[in-house]
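Keep the model open as you read.

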Amino acid sequence: MSRVDLVVVDDEFSVVYTIRAILEKAYPDLATFTNSAEAVEMISSQGCRVLVTDLRMPGIDGLEMLRRTLEHDADIQVIMLTAHGSEKVAVEAMKKGAFHYLTKPFDPEELRLVVQKALEQYDLRKKIQYDLEMARTLQINLMPTHTIRHRDLEIAGRYLPGGNVGGDYYDTVLLPDDSLGLIVADATGHGISAAMMMAMLKMAFLNTAPGCRKPSEFLGAINEQFYNILKSHSSFTVFYAIFRPEPWRMIFANAGHPFPLLYRPDEGRFLTSDTAGLGIGFFPNVSYEDEEVPLRANDRILFYTDGLSDLSPERCFFEKFREKYRELTQITDSEMLDELFKLTVDNEGVREDDITLLLVRH
């Protein structure tokens with residue numbers, strides 16, 4: 001059963017009758033109730049786009065109607081009807097999510113206009129919600145979902161969405177000399193524009209990286225491409241590494257991205273780097289530096305986005321995460337990423353940004 005356009009609830013039959021007479025020609029998909037409990041049951045089972053409800057009613061009053069309606073569907077637009085002297089309560093209802101309020105006796109033309117705007121607002125919110133879901137699906141589908149194996153390298157990733165559509169991206173590409181290129185990126189901000197940037201970056205990565213011998217050459221090339229598009233209005237960070245065999249080493253260049261947690265178990269220490277160039281899209285003609293790290297057997301490299309390092313700073317979460325990572329490199333192998341991901345998911349802090357974890361095992 002599909003949702004109705006409009007539900008009207010008032011314990012006075014004369015008010016319900018009047019509203020129906022005013023609105024039913026324009027909105028034939030209209031349900032009216034003098035019993036608020038019946039209205040709640042109908043909305044819970046079928047839904048609606050707009051609810052017009054009296055503020056003061058026996059049993060379930062207007063504020064409780066508002067709460068239960070928004071609990072069912074937060075996009076439903078609720079219009080409160082109130083008598084003179086109750087405006088303060090109506091304003092409180094708007095603070096709790098009501099769309100508008102009208103004071104009885106209301107003007108028929110004003111009622112029509114407010115209902116029309118409420119219906120438009122509901123449709124707009126659903127469209128935005130649909131677009132955001134599509135953007136989130138696009139973003140998730142940009143990234144590999146399987147473990148990547150190249151010779152004796154193994155790469156596995158985990159992605160944890162934030163509250164909004166974010167802009168994390170990671171991927172790999174096989175290069176002509178049998179090396180493996182790996183990219184981790186994070187767009188500034190959230191939303192559809194961030195997802196679009198990462199979709200464009202995926203195409204640029206797959207088309208450009210195979211022709212670049214050095215990571216710095218690749219970052220310079222994509223910075224020129226994206227500066228011409230973004231013109232400094234937005235940006236993103238990128239860490240690009242080439243894993244080259246015989247002997248294995250990681251050659252990398254950095255465009256403002258966090259350096260990965262590179263732990264060397266046989267030395268019991270993290271390897272660090274100060275190489276950090278400008279993010280992509282700020283300025284034209286940017287030069288980036290290459291750096292090389294020899295890799296040893298059992299080295300573990302955990303790439304991440306700043307959603308991880310920014311998580312619960314008051315609880316020093318990243319420091320605890322880093323120490324847990326060190327412990328796991330000494331204890332286990334196959335379940336390491338799952339344990340780190342679980343630690344991140346179980347964190348009690350507010351998580352607004354997406355988090356990407358990408359583990360490279362040698």
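## Ground rules and a buried aspartate

Buried here means under 20% relative accessible area, exposed means over 50%, and partly exposed is in between (1.4 Å probe, protein chains only). Asp 168 has a relative accessible area of 0%, so it counts as buried. This is a predicted model, where local features need pLDDT of at least 70 and side-chain atom pairs count only at pLDDT 80 or more, while totals for chains, interfaces and linings use all residues. Residues are numbered from 1 along each chain as its sequence is written, and side-chain values use heavy atoms, with hydrogens and water left out.

Asp 168 sits in strand 8 (residues 168–174); strands (E, at least two residues) and helices (H or I, at least four) are DSSP runs numbered from the N terminus. Its side chain makes polar contacts with those of Thr 305, at 2.9 Å, and Thr 356, at 3.0 Å. A polar contact is a pair of N or O atoms within 3.5 Å; within protein, one must be able to donate a hydrogen and the other to accept it, and residues adjacent in sequence count only if both atoms are side-chain atoms. Beyond its neighbours within four places in sequence, Asp 168 has contacts (heavy atoms within 4.5 Å) that include Gln 139, Tyr 159, Ala 185 and Asp 354.

## Strand 10 and its partners

Strand 10 (residues 236–244) is mostly covered, with eight of its nine residues buried. On one side, eight bridges pair strand 10 with strand 9 (residues 180–187) in the antiparallel sense; two strands pair if DSSP finds at least two bridges between them. Ala 185, one of the contacts of Asp 168, stands opposite Val 238 in strand 10.

Strand 10 also runs antiparallel to strand 11 (residues 249–255), joined by six bridges. Ala 241 has Phe 252 in strand 11 as its bridge partner. The two strands form a hairpin with four residues between them, and Glu 246 in the turn has a positive phi of about 55°.

## Salt bridges

There are 29 salt bridges in the structure, each a side-chain nitrogen of Lys or Arg within 4 Å of a carboxyl oxygen of Asp or Glu. Glu 246 is exposed at 66% relative accessible area, whereas Arg 151, at 47%, is partly exposed.

Arg 49 and Asp 5 form another, with their closest N and O atoms 2.7 Å apart. Arg 49 is in strand 3 (residues 48–54) and Asp 5 in strand 1 (residues 4–9), so the pair ties together parts 44 residues apart in sequence. Arg 49 is buried, with a relative accessible area of 16%.

## A nonpolar patch

Which residues form the nonpolar patch on the surface? They are Leu 124, Ile 128, Leu 132, Ile 192 and Met 196, with about 410 Å² of accessible area together. Areas come from the Shrake-Rupley method with a 1.4 Å probe, and for residues only the protein chains shown count as cover. Patch residues have over 30% relative accessible area and no salt bridge, and nonpolar side chains (Val, Leu, Ile, Met, Phe, Trp, Tyr) are joined within 5 Å.

Helix 5 (108–142) and helix 6 (192–208) each supply at least two of the residues, and helix 5 gives the largest share, three. Leu 132 lies in helix 5 and is partly exposed at 33%.

Methods: Patch = residues over 30% accessible without salt bridge, like charges linked within 9 Å, V, L, I, M, F, W, Y side chains within 5 Å.
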